[in-house]
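Trainee: I'd like to go through the packing in this one. Can we start with the terms?

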Amino acid sequence: MRILSAVFCLLMLLFAVVQYNDPDALFWGVIYGIAALWCGFAAWRPAKVTGHVRLGLLLCLAAAVIGVVWFWPRTPGFWQQEVWWVTETAREGMGMMVTLLALGIAWLASRGRRKIA
């Protein structure tokens, strides 16, 4: 799970970087950046995701669930390339889905082995 978290950390960083020419780049860059941060914690510092930090992850996960519902694409066939290639709302909805997946992976990875101090 830590390797998968590391892969998603890099993926979410890439998502954040490619927002540079988007009109709402700051909004989506922050969303993807937060997911990258949590995946990074889960990959390289899973023992740090405890207590209040874990609560922060759970709150971000809950916000991502709300975000998926809010940004769910209403365009028929939004998963098809010819649709999402030209429809911004389809891309944004799928971006929220990937963010939820990344945060879910970070949560699962942080539940794994922890150091006992």
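Mentor: Contact means heavy atoms within 4.5 Å. This is a predicted model, where local features need pLDDT of at least 70, side-chain atom pairs count only at pLDDT 80 or more, and totals for chains, interfaces and linings use all residues. Residues are numbered from 1 along each chain as its sequence is written, and side-chain values use heavy atoms, with hydrogens and water left out.

Trainee: OK. What does Ser5 touch, not counting residues up to four places away in sequence?

Mentor: Ser5 touches Cys39, Ala42, Ala43, Ile105, Ala106 and Ala109. Ser5 is found in helix 1; helices are DSSP runs (H or I, at least four residues), numbered from the N terminus.

Trainee: Is Ser5 buried or exposed?

Mentor: Ser5 counts as buried because its relative accessibility is 0%. The cut-offs are under 20% relative accessible area for buried and over 50% for exposed, with partly exposed in between (1.4 Å probe, protein chains only).

Trainee: Switching to the largest nonpolar core, how many residues has it?

Mentor: The core has 22 residues, and Met12, Cys39 and Leu57 are among those with the most contacts inside it. Such a core is a set of buried Ala, Val, Leu, Ile, Met, Phe, Trp, Tyr and Cys residues joined through side-chain atoms within 4.5 Å.

Trainee: Which element gives the most to this core?

Mentor: Helix 2, with eight residues.

Trainee: And what covers the buried residues of helix 2?

Mentor: The cover includes helix 1, helix 3 and helix 5. Among the buried residues of helix 2 are Trp28, Ala35, Trp38 and Cys39.

Trainee: What is Leu103 in contact with, leaving aside neighbours within four places in sequence?

Mentor: Ala35, Trp38, Leu57, Cys60, Leu61 and Ala64.

Conventions
Helix = DSSP H or I, 4+ residues; strand = E, 2+ residues; numbered from the N terminus.
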